[in-house]
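Colleague: I have a model on screen and want to learn how to read it. Could you take me through the ligand site and a helix?

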Amino acid sequence: KKIRVGLSHVTVLNESVERNVIWHILGAGAQGLLWAYGLHQSHQHCRLLVRNSIPGAMATYQSGDRTVHFSVSMLTAELVQEPIEYLLVTVKANQARQALQSIRSELSDDAIVVLMQNGIGVESLARAVLPPRTRFLLGSSTHGSYRQSANHIVHAGQGQMLIGDDTGQISADHPAIQLLQQTPLNVRWHDNIQRVLWHKLAVNACANPLTALLNCRNGELRQQPVAQSWLPALIEETCAVLAAEGHPLAVSELRQKIEQVLQITAANFSSTQQDYLAGRETELAFINGTLIRCAEIHGIEVPAHREILRIVEQRGSLGAWQAL
Ligand code: KPL
């Protein structure tokens, strides 16, 4: 056994567990590459699952004036010889179903699968697609990272990787969690990961469609009168659904959270703005779409969310919010 002494905890890992673990990453975007960097830095074995194998691929990680080049194994799932036991899923929510279906037959029966998507809803579709004994962990990243070119990521904002399991199958002291905590990505266990995901969804549901439709940086939303006319209704509707879902947030708290996020990420374009501008499908079906479906279940009216999602989906234009 190996003893590692961290700043705040002592970790005891079984060497054979550590040696045998191979992390597979589904999704070679900014988040997938950030995990690959973190695992590489902590001397763990990882492979990025891609559509076309690239033997001997190199990737670049950049943070401020620090640049690290590292080798990364990029291969198609069919080339993985042994069943995949540890999988980090970093594709976008709207791509998750197809991506999971494509690797399903390579997955071990009781694999550990970490879902890192925005919004709510990927877990249930993953449970439907993957073998019944799969063990799921849910994650939420607050790191700011983007891809500068194919295999080059910029780590623009240090954040955290919050991970948890509300089914009780996996706990904080599971070796898989301890391995992830060895990466320099600030991995933290969270006892109420559903609340984390819902509260992130709440911010995204209010801010992201507006940044897409107004084609602006997060920080510019505060100066946009049209955004200011929509926000109170979006926030109020969101808080009503959050309360019904058992993750309450007061209107003033959500307003403050949104303000904070927009301030911290002022220079960034939101993920939705980037997808929308590029003509790609956005993740809003898992954000505003989930909120609307849950509102229906609870009998809550959410006209502002319905309308803004309709405008995004039909690529319409945004006028000032008119309460019905
Ligand atoms: O999560 C985000 C996103 O872009 O999806 C925010 C917090 C809005 C940062 O851009």
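Colleague: How far is an oxygen atom of the ligand from an N or O atom in the side chain of Asn208?

Modeller: A polar contact is a pair of N or O atoms within 3.5 Å; within protein, one must be able to donate a hydrogen and the other to accept it, and residues adjacent in sequence count only if both atoms are side-chain atoms. For Asn208 the distance is 3.1 Å. An N or O atom in the side chain of Asn204 also lies 3.1 Å from a ligand oxygen. For a polar side-chain atom of Ser271, the separation from a ligand oxygen is 2.5 Å. The protein buries 84% of the 280 Å² that the ligand exposes when taken alone (Shrake-Rupley method, 1.4 Å probe; for residues, only the protein chains shown count as cover).

This is a predicted model: local features need pLDDT of at least 70, side-chain atom pairs count only at pLDDT 80 or more, and totals for chains, interfaces and linings use all residues. Side-chain values use heavy atoms, without hydrogens and water, and residues are numbered from 1 along each chain as its sequence is written.

Colleague: Is Asn118 buried or exposed?

Modeller: Buried means under 20% relative accessible area, exposed over 50%, partly exposed in between (1.4 Å probe, protein chains only). Asn118 has 16% relative accessibility, so it counts as buried. Asn118 sits in the loop between β8 (107-115) and α4 (122-129). Its side chain makes a polar contact of 2.7 Å with that of Lys200. Another, of 3.3 Å, joins the side chains of Asn118 and Glu283.

Colleague: Now the helix. Which residues of α11 are buried?

Modeller: In α11 (residues 303-313) they are Ala304, His305, Ile308, Leu309, Ile311 and Val312. Seen down the axis, these buried residues fall within an arc of 160°, so they line one face of α11 (the arc is that of the directions from the helix axis to the C-beta atoms).

Colleague: What do the buried residues of α11 pack against?

Modeller: Read packing from contact, meaning heavy atoms within 4.5 Å. The partners are α6, α7 (225-245), α9 (271-277) and α10 (284-298). Just after α11, Arg315 has a positive phi of about 50°.

Note on methods. Helix = DSSP H or I, 4+ residues; strand = E, 2+ residues; numbered from the N terminus.
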